[in-house]
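Dear colleague,

I am passing on the structure that we spoke about, and my notes on it follow below. Please read them with the model open beside you.

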Amino acid sequence: MTSASVAAPPRMQWQIATVRAVVDETPRVRSLILDVPEWPGHRAGQHVDIRLTGEDGYRAQRSYSIASAPEAPDLAVTIERIDDGEVSPYLAANVQVGDRFEIRGPIGGYFVWTAPLGGPLFLIAGGSGIVPLMAMLRHRALVDSKTPTLLIHSSRGFEEIIFRNELERLATKEDGLTVYHTLTRRQPVGWSGGARRIDRDMLTGIGIPPAMTPRIYICGPTPLVESAARILSELGHEPGLIKTERFGPTGG
C-alpha cells in the first residue's frame, strides 16, 4: 500500500462549512458561526484551515483559531480583517449567512488547555491573539471550573477590544477569573487599565508569580509573543509551562 492510497484522518479532510450567523465583534473583527455536519469536535486552543476557491479555480487557504468552547453547540471562528490579505477581507467583511467554503480540522495539540490540566492559568494576548484564549475561557466557564485565571489583553483602543462585553461578564462571576486590559494607542477618558504595551513591569506587577507554577499561554503578534515569553522565562517561570502561538503582520 502506498502512502498516496492511505486516506487522511477525518479531521484533515476538507468539508463544506455553511455560515449560519455573523457577529461583528469590532469594526475589523467578525465571528462566523458555522454549520459543519461532520465536525469531529475540538479542544480549546486548536485552529482550522479555511480554503476559498475563486470562479477561475484559484484557491487561497489560511489558518484561523477556533473561538468556541468544545462544549458549545456551535463552531465559531473569529477573524480580523487584513486589508491586503487574500482570505480575511472576504471572511471578515463580505461573507453573508448562507455562504459556503471549505474547512478542515481541528488542527494542533500543543497550544491547548482543558480543565483537568488545572492551573493557575496565565493568559497573555495581543489583539486577535485573544481568540484561542477565549475558547479556553469559554470552556472554563461551561465546565464550571474555578481554576485561578489571569488574562492580560493588549489592544490598540477601547473600541478594538475583541469580546469586550463577554469578558466583562465572565470577570464578574467571581469564580477566580481576573481580566486586565491595556490599550497601546488610544485610551478613553477615565480609563483605569493599562496604557502601554505589555512589558516586564506589567508582567511582574500584576502577573502570576513563578512560585505558583502557572500554565502560561501567549498568543498574538510575533514581537509580543517572543518578548513576553523571554521575560517570563527570565523571571523564573518553567519553560515547559510556557506555550506560545504567534502570527505575523502579513498574510490573511
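Into which domains is the protein chain divided? There are two, domain 1 (11-107) and domain 2 (115-246), with bounds that come from an automatic or database domain assignment. Before going further, please keep in mind that this is a predicted model, in which local features need pLDDT of at least 70 and side-chain atom pairs count only at pLDDT 80 or more, while totals for chains, interfaces and linings use all residues. Residues are numbered from 1 along each chain as its sequence is written, and side-chain values use heavy atoms, with hydrogens and water left out.

**Between the domains**

The centres of domain 1 and domain 2, taken over C-alpha atoms, are 24 Å apart, and 18 residues of domain 1 are in contact with 17 residues of domain 2, where contact means heavy atoms within 4.5 Å. The two domains bury about 1300 Å² between them, with 62% of that on carbon and sulfur atoms; buried area here is the accessible area (1.4 Å probe) that two parts lose on being put together, summed over both. Ala44, Ala67 and Glu71 supply 28% of the area that domain 1 buries against domain 2, which is more than any other three residues.

On the side of domain 1 that touches domain 2, β1 (15-26), β2 (29-35) and β5 (75-80) each supply at least two residues; helices (H or I, at least four residues) and strands (E, at least two) are DSSP runs, numbered from the N terminus.

**Three buried residues**

Arg30 lies in strand β2 and is buried, with a relative accessible area of 14%, where buried means under 20%, exposed over 50% and partly exposed in between (1.4 Å probe, protein chains only). What does the side chain of Arg30 make a polar contact with? One partner is the side chain of Asp24, at 3.0 Å, and the backbone oxygen of Val95 also lies 3.0 Å from a polar atom of the Arg30 side chain.

Thr182, in strand β9 (residues 177-183), is buried at 0% relative accessibility. Its side chain reaches the backbone oxygen of Arg196 at 2.5 Å and the backbone nitrogen of Ala195 at 3.4 Å.

Ile242 is placed in strand β11 (residues 242-247) and is likewise buried, with a relative accessible area of 8%. Not counting residues up to four places away in sequence, Ile242 touches residues including Tyr110, Ile216 and Leu232, and its C-alpha atom is 7.0 Å from that of Ala229, 13 residues away along the chain.

**Salt bridges**

Side chains of opposite charge can pair when their charged atoms come close. By the rule given above, the count comes to 20 salt bridges. In one of them the side chains of Asp83 and Arg28 meet at 3.5 Å, N to O; because Asp83 lies in the loop between β5 and α1 (88-94) and Arg28 in the loop between β1 and β2, the pair ties together parts that are 55 residues apart in sequence. Asp83 is exposed, with a relative accessible area of 57%, whereas Arg28 is partly exposed at 24%.

Arg104 and Asp49 also form a salt bridge (3.0 Å, N to O), which links strand β6 (residues 100-107) to strand β3 (residues 47-53), with the two residues 55 apart. Arg104 is buried at 19% relative accessible area, and Asp49 is buried at 7%.

A further salt bridge joins Arg169 to Glu166, with the closest N and O atoms 3.8 Å apart; both residues lie in helix α3 (residues 164-171), three residues apart, about one turn of the helix. Salt bridges that share partners join Glu80, Arg156, Glu159, Glu160 and Arg186 into one network, and within it the side chains of Glu80 and Arg156 meet at 3.4 Å, N to O.

How values were computed
A salt bridge is a side-chain nitrogen of Lys or Arg within 4 Å of a carboxyl oxygen of Asp or Glu. A polar contact is a pair of N or O atoms within 3.5 Å; within protein, one must be able to donate a hydrogen and the other to accept it, and residues adjacent in sequence count only if both atoms are side-chain atoms.
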